[in-house]
Amino acid sequence: MLTAKVIVNLSIDRHFDYIVPDELVGKLRPGVQVLVPFRNSLRNAYVLALSNDTSCDPSKLKTISAICEKHPEIPDNLLKLAKWISEYYCCAQEQAVKALLPLAVRSGKVARKESRHLTLKSLDDAHKFLLENGKKSKSRALVVQYLIDHPGASVESISEATGAGKAPISALLKCGLLEEEKKASYKRFVFDSASLLPSQPPELNDEQAEAARIIEALFERAEGQKTLLLHGVTGSGKTEVYMRAIETALKKNLEAIVLVPEIALTPQTTERFISRFRSGVSVLHSGLSDGERYDEWMKIYHGLVKIAIGARSAIFAPFRNLGLIVVDEEHEPSYKQEEAPRYNARDLAVMRGVMENSLVILGSATPSFESYANACSGRYAIARLKKRIDSRPMPSMIPIDMNIERVSDSEGRLPIFSKPLLDAIAQRLQRAEQSIIFLNRRGFASQMSCPDCGFVAQCSDCSISYTYHRTNECLACHMCGAVLRAYAMCPSCGSDKIRYKGLGTEKIEALLSMIFPLAKVARMDADTMSGRRKNYEKLLGDFGAGKIDILVGTQMIAKGLDFPNVTLVGIVSADRSLFIPDFRAAERTFQLLTQVSGRCGRGSCPGEVYIQTSYPENPAIISAIRHDFEAFFKSECVARKEFNYPPSCHLTAIHFKGSDAAALEKYSLEFLDSFKSKIPDGIFVSDPAPAPIEKIKTKFRYMILFRGNLNKDFRCLIREKIFKVRHPSGIEIYADVDAINLT
Ligand code: ADP
Ligand code: ZN
Ligand code: ZN
C-alpha cells in the first residue's frame, strides 16, 4: 500500500501518514499540494515523501482527498533546503516549507491572468480576404496582414501595431478566419524602465578584472565550496563585478539570484540590473501587490526569466538550474528573518550554493565578521577592491569632539550641530553641492518627561519610552506601533512643563530648515516613506535632479545611494549605536559610519564626512575614520574570542514569552534544568535572564544563550524540547540560531 507523509498547515513539527488512493498513484510526488481530511475538516497539506510501507495498519489511516491542481509544486531542490532549515534553525518543518513560497502563490487565491492570442486558420483564405475586402474594410485588412506576418500575436500587440479596436477582431473571429488561444500572462508588475537607457558594460579596472578572473576560475571548479567574499570599499564598482558574473552564468545557460538588503530602499541598484539585463529579470520585494508577486514568481517557475533580484526571501526563487547567488551588502542584519523560520538569507545562500553546486558571491565594504573569518581561514575565496573607480579618493573623515564643542557653548550644553558641520553645510549650499545628514533615530524627541514629578511617558505594553512626533502631535511606541495624542500636561501631576529629550530626524530636519531658510531640506525615514516604493522613487528622483540640497535620514539613506553631487555627509551622533546592549555594537557602528560616509565623493568632487562624537578615542570610530577594516576586525576578534562570541563560535538564543513574569522565570529555569546534563562540553550556557527589552506587546521575555558550536544531536535535542514537550499554557518558546538581534 502506498502511503504519503504530509505536513499540514500547523506549526507543530510533525508529519502525518495518509493512504494514497489508487487514482492518485503515479500523480503524487514530494512537493505536491494536496487536500486531506484533518480533525473534521479538509486541510491543505504538502507531500514530503512517499513510501511503500507494508507494516502500517490501513484502518488507522485516512486517505488523501485530492491534489490541489491549481498550486505549483515545490521543486525538489527547495524541499531539500527546507529540510536543512528546520534542522539547522530548530524550527518546525512546516514553517520552513511555508517560507519557500510567497503567500500569493501558496494560498491559491490569486487568479492567473490570461492573454488572447490569434492565428489565421488558413493562409489561402487570408489572402483571398485581402483581395476581396482589402479596400472596403481597412482595419480588418490591417489585422489580417499583421497576422500573416506575426502568427500567434496577442490581441494587445495587434491593437497596438494596427490601431484596430475590438470590433474588427471580433468580426474576423465571427466569420471564422481566425483562431483564438488563451495563454498565461505574467505581466502585472511593470518596472518603470522607460527612462532607463540600456547600459553598456564599462571596461573593468585592474582590481575588478582580477575579481572577475577569480570568479571565472570558481565557475570552472567542479564541486565543493564555491563562495567568494568580495571586499570592496564603497564606490569601488562591486555591482559591475556582480553583473559580469551574471553574464558568465547566462552564457553557461545557468540562472542567477541577486539578494539586496531591502529592495524597496535600493531602487537604484534594481535599476542598474534592469538596464543591463532588461526583461530577463524578475523582481521580488515587499512593495509588490499579491498579483504582481504571483506573476514575478511564476516567471521564474516557468523558466521565462533567468535572473531574480529581491530581498531575503528571493533566496527561495524556484530556479532549477541555478549557477550563481549574489548577496549584496552581505553584512546587513535585515538578511536575518526575525520570525519563524529565523534563517539568515546570506547563510542560506552559501548552503544553497553547496547543495546546487552554484557560485556564491558575498559583497560588502564592511564584511560581517563571520564571513571575513571564513575568508581568513580559507573556506571562502576572497577578492579585494581597495580603490574607488577612476582612483577617486575615499572621503576625508573629520571627527568632531563634542566634548570640546560643549565647552564652547556658553551654558555648557551639548549643541546639536557643531560649528564645523554647520560651516561645511553652508559651504555646500554656496557651491550648489548636496549634503546628507544622518541620524539613526526617527521622530522629534526620544523622550517626553515631567521635570516636576519625574514622570516619563512609556508604552504600557513595552518596556521602552515613547518617541515624540511633532508633525502629528503624537507619542509613538517604536516597538509595538502604539500611537496616542501627545500630552499637553503631565498626566501624573498636572504640571505644564513637559520636556523633550533626545533627538530624532524630524527635529534635525526642522532645525536645518530654520538655520538655512533658503535651502531645500527633505527627510527620508520610515515616517515619511511609509513603506511605499513610489515615495522612495519620488524623493530619490528629486534628490538626483538636484531639487533637494540637504537630505536628512536614518539608516535608510546609508546604503546603495550613488549621487555624484553629494560631497558632504554629516553624522549628527556616532555614539547612539555604540552603547546598545549587544556585543556587536562596535561592529554595527563601524559598518554604519563606513556605509553612510560612502555616499559622498562618488563624483568628480571629493567628499568630506563630519562625525560628531563624544568618544573620539573609541576604536570603532577611529578605525572607521582611518578606513581600516582589517585593524578593527583584528582588535575586535581578540575580545570576541575571549568571551566566546561569534565569529569564534556560534550563538544561539532560546526565547521565552508570556504574560506572567514570575511563571516565565520559573519555567525557563525548569526548561534548562531538564537537559542541562546533556549539554556537550565546550558550549557555554548563560542562565535564563530577562531580555534587554523586558516586555514587548504586553509579553515578558526571558532568554537563554548558548555560545559554542552546536552539533546535530544537540540541535535535535533542542527541537524536541521545544516541539515535543508540553509547555505551560500561555508560554511560547522558540530558538533563534545564529541570533543577530539580542535585544
Ligand atoms: P560599489 O557597489 O562598490 O559601491 P558601484 O558598483 O556603485 O560601487 O560603482 C560606483 C560607480 O562606478 C557606478 O556609478 C558605476 O557605474 C561606476 N563603475 C563601476 N565600474 C566601472 C568601470 N570599470 N569603469 C567606469 N565606471 C565604473
Ligand atoms: Zn509631573
Ligand atoms: Zn509598545
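How many residues surround ligand 1, and which are the closest? There are 17 of them, and the closest are E203, Q208, G235, K238 and R272; a residue counts as near when one of its heavy atoms lies within 4 Å of the molecule. This is a predicted model, in which local features need pLDDT of at least 70 and side-chain atom pairs count only at pLDDT 80 or more, while totals for chains, interfaces and linings use all residues. Residues are numbered from 1 along each chain as its sequence is written, chains are lettered from A and ligands numbered from 1 in the order in which they are written, and side-chain values use heavy atoms, with hydrogens and water left out.

What is that shell made of? It divides into 4 nonpolar, 7 polar and 6 charged residues (Ala, Val, Leu, Ile, Met, Phe, Trp, Tyr, Cys and Pro count as nonpolar, Asp, Glu, Lys and Arg as charged, and the others, Gly among them, as polar). Helix α9, running over residues 238–251, gives the largest share, with 3 residues.

Some polar contacts (pairs of N or O atoms within 3.5 Å) can be picked out here. Q208 puts a polar side-chain atom 2.8 Å from a nitrogen atom of ligand 1. Oxygen atoms of the ligand are reached too: a polar side-chain atom of D562 is 3.0 Å from one, and for T239 the distance is 3.1 Å. On its own, ligand 1 exposes 570 Å², and the protein buries 76% of that (areas by the Shrake-Rupley method with a 1.4 Å probe).

Stepping back to the whole chain, there are 23 helices and 30 strands, taken as DSSP runs (H or I of at least four residues for helices, E of at least two for strands) and numbered from the N terminus. With a radius of gyration of 30 Å, close to the 27 Å that the globule rule gives for 743 residues, the chain is as compact as a globular protein of that length (the radius is taken over C-alpha atoms, and the rule is 2.2 Å times the number of residues to the power 0.38). The C-alpha trace spans about 95 × 75 × 60 Å along its principal axes.

Most residues other than glycine have a negative phi, and most peptide bonds are trans. The bond from A340 to P341, however, is cis, with omega near -5 degrees, and P341 is in the loop between β13 and α12. Another cis bond joins P646 and P647, with omega about 10 degrees; P647 lies between α21 and β27.

Note on methods:
Polar contact = N/O pair within 3.5 Å; in protein donor to acceptor, adjacent residues only side chain to side chain.
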